[in-house]
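This report covers selected features of one structure. The sequence and the model are shown first.

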Amino acid sequence: MISEKWTWLAESIRDGLAGTAGGTACVYTTQPLDTTKVKMQTYPSQYRSVLQTLLKTYRTEGFRGLYAGSIPAVLANIGESASAFLAYGRISLVMQKITGVKSHDDLSLISKTLCGSFSGVCASFILTPTELIKCRLQTQYIKGFTDGTPRTPFKLAWHIVTKEGPLCIMKGWTPTVIREAWGYAFFFGGYEAALMMLNVQPGDDISLWKTAIAGGIGGSSCWGLSYPIDVVKSKVQVTTMSPYAAVLDVYRNGGIRGFFNGLTPCLLRAFPGCGVLFVTVEYTKLGFNTIFLKPELY
């Protein structure tokens with residue numbers, strides 16, 4: 001067992017590992033729907049429905065096309081989830097000191113929501129470059145390969161840095177940080193609120209179905225309420241547009257509905273994907289606690 005003075009470090013490692021495991025599980029259970037979402041966001045005239053996009057992608061690109069960008073997607077979700085859950089736990093400690101409560105469970109729902117929002121800001125720095133590469137790989141087939149752009153994640157990253165400039169690897173950070181700060185408030189806030197509605201009490205054993213439902217609600221709340229920002233983010237990352245130009249382009253071509261292109265596959269992905277994510281996170285934490293931490297410390 002780890003001594004109490006090292007508990008903060010052990011908990012940080014635990015939260016990071018739990019986020020890593022959860023992010024990986026989320027990607028491989030829902031990646032085809034993420035590919036569908038990005039294509040419907042960026043090329044709505046060619047990809048009009050979930051089923052049509054899935055079938056067209058499979059016919060033209062094969063099974064591999066459905067998982068295009070899965071390596072950067074895994075890296076993105078590992079980086080995002082690990083940093084978000086790590087930041088959420090550490091920011092929670094700060095919030096406990098500010099509000100004068102003894103544990104995370106004693107924080108109000110508003111305080112937990114604020115912790116979630118700040119964790120999203122932290123995640124945006126890791127998420128922006130990995131999502132940039134993922135989105136470009138997912139849309140390469142549509143744009144064609146005649147421009148000589150690399151088709152593998154690491155070569156594409158190097159191409160962006162050397163040909164477009166080092167700072168271009170962070171292209172789309174502005175809409176990403178706005179989306180993450182706003183979305184993660186509802187991601188963690190929705191999860192905590194759902195646990196309260198499901199009457200889960202502090203110290204209760206983990207309930208598989210309650211955790212999955214609460215995670216699904218948190219994920220659906222996050223994506224449903226931040227989706228228009230995600231549309232703009234994807235447009236910025238696969239084109240040469242600025243965020244402002246992307247907003248105008250989306251509205252000019254699709255009106256208000258344009259900001260919701262691809263929402264259906266996104267929500268179809270969000271509920272099960274985030275349910276799997278939170279279940280994986282909670283059981284990873286439980287396993288880590290059981291092995292390394294004293295029972296009274298968790």
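## Terms and model

A residue is called buried when its relative accessible area is under 20%, exposed when it is over 50%, and partly exposed in between (1.4 Å probe, protein chains only). The accessible areas themselves come from the Shrake-Rupley method with a 1.4 Å probe, and for residues only the protein chains shown count as cover.

The model is predicted: local features need pLDDT of at least 70, side-chain atom pairs count only at pLDDT 80 or more, and totals for chains, interfaces and linings use all residues. Residues are numbered from 1 along each chain as its sequence is written, and side-chain values use heavy atoms, with hydrogens and water left out.

## Salt bridges

A salt bridge is counted where a side-chain nitrogen of Lys or Arg lies within 4 Å of a carboxyl oxygen of Asp or Glu. Side chains of opposite charge can pair when their charged atoms come close. The structure holds 16 salt bridges. One of them joins the side chains of Arg-90 and Asp-15, at 3.0 Å from N to O. This pair connects distant parts of the chain, since Arg-90 belongs to helix 3 and Asp-15 to helix 1, 75 residues apart. Helices here (H or I, at least four residues) are DSSP runs numbered from the N terminus, as are strands (E, at least two). Asp-15 is buried, with a relative accessible area of 2%.

Asp-34 and Lys-37 form another salt bridge, their closest N and O atoms being 3.7 Å apart. Because these two residues are three apart in helix 1, about one helical turn separates Asp-34 from Lys-37. Asp-34 has a relative accessible area of 3% and is therefore buried; Lys-37, at 1% relative accessibility, counts as buried too.

## A charged network

In a further salt bridge, the closest N and O atoms of Arg-179 and Glu-131 are 3.4 Å apart. Here too distant parts of the chain are linked: Arg-179 is in helix 6 and Glu-131 in helix 4 (residues 109-143), 48 residues apart. Arg-179 counts as buried because its relative accessibility is 2%, and Glu-131 is buried at 8%.

Axes are lines fitted to C-alpha atoms, for helices over the stretch in contact, and angles run from 0 to 180 degrees between N-to-C directions. The axes of helix 3 (residues 70-99) and helix 6 (residues 173-197) come within 13 Å and cross at roughly 65°. Helix 3 is therefore roughly perpendicular to helix 6. Angles under 35 degrees count as roughly parallel, over 145 as roughly antiparallel, 65 to 115 as roughly perpendicular and the rest as oblique.

Helix 3 also crosses helix 9 (residues 263-292), at roughly 55°, with the axes coming within 13 Å. That angle makes helix 3 oblique to helix 9. The crossing of helix 3 and helix 6 is right-handed, and helix 3 passes helix 9 in a right-handed crossing. A crossing is right-handed if the near helix is turned clockwise from the far one by less than a right angle, and left-handed if anticlockwise.

## Contacts across the sequence

Thr-24 lies in helix 1 and is partly exposed, at 25% relative accessibility. The C-alpha atoms of Thr-24 and Asn-77 are 6.6 Å apart, although 53 residues separate them along the chain. Arg-14, also placed in helix 1, counts as buried at 10% relative accessibility. Its C-alpha atom is 9.4 Å from that of Leu-286, 272 residues away along the chain.

Tyr-43 sits in the loop between helix 1 and helix 2 (50-66). Tyr-43 is buried, with a relative accessible area of 18%. From Tyr-43 to Leu-267 the C-alpha distance is 19 Å, and the two are 224 residues apart in sequence.

## Surface and loop features

Trp-6, Trp-8, Leu-9, Ile-13 and Leu-17 make up a nonpolar surface patch with about 510 Å² of accessible area together. Patches are made of residues with over 30% relative accessible area and no salt bridge; like charges are joined within 9 Å, and nonpolar side chains (Val, Leu, Ile, Met, Phe, Trp, Tyr) within 5 Å. Trp-6 is in the segment before helix 1 (7-42) and is partly exposed, with a relative accessible area of 43%.

Asn-199 is in the loop between helix 6 and helix 7 (208-238). Its phi is near 60°, a positive value in a residue other than glycine. At 52% relative accessibility, Asn-199 counts as exposed.
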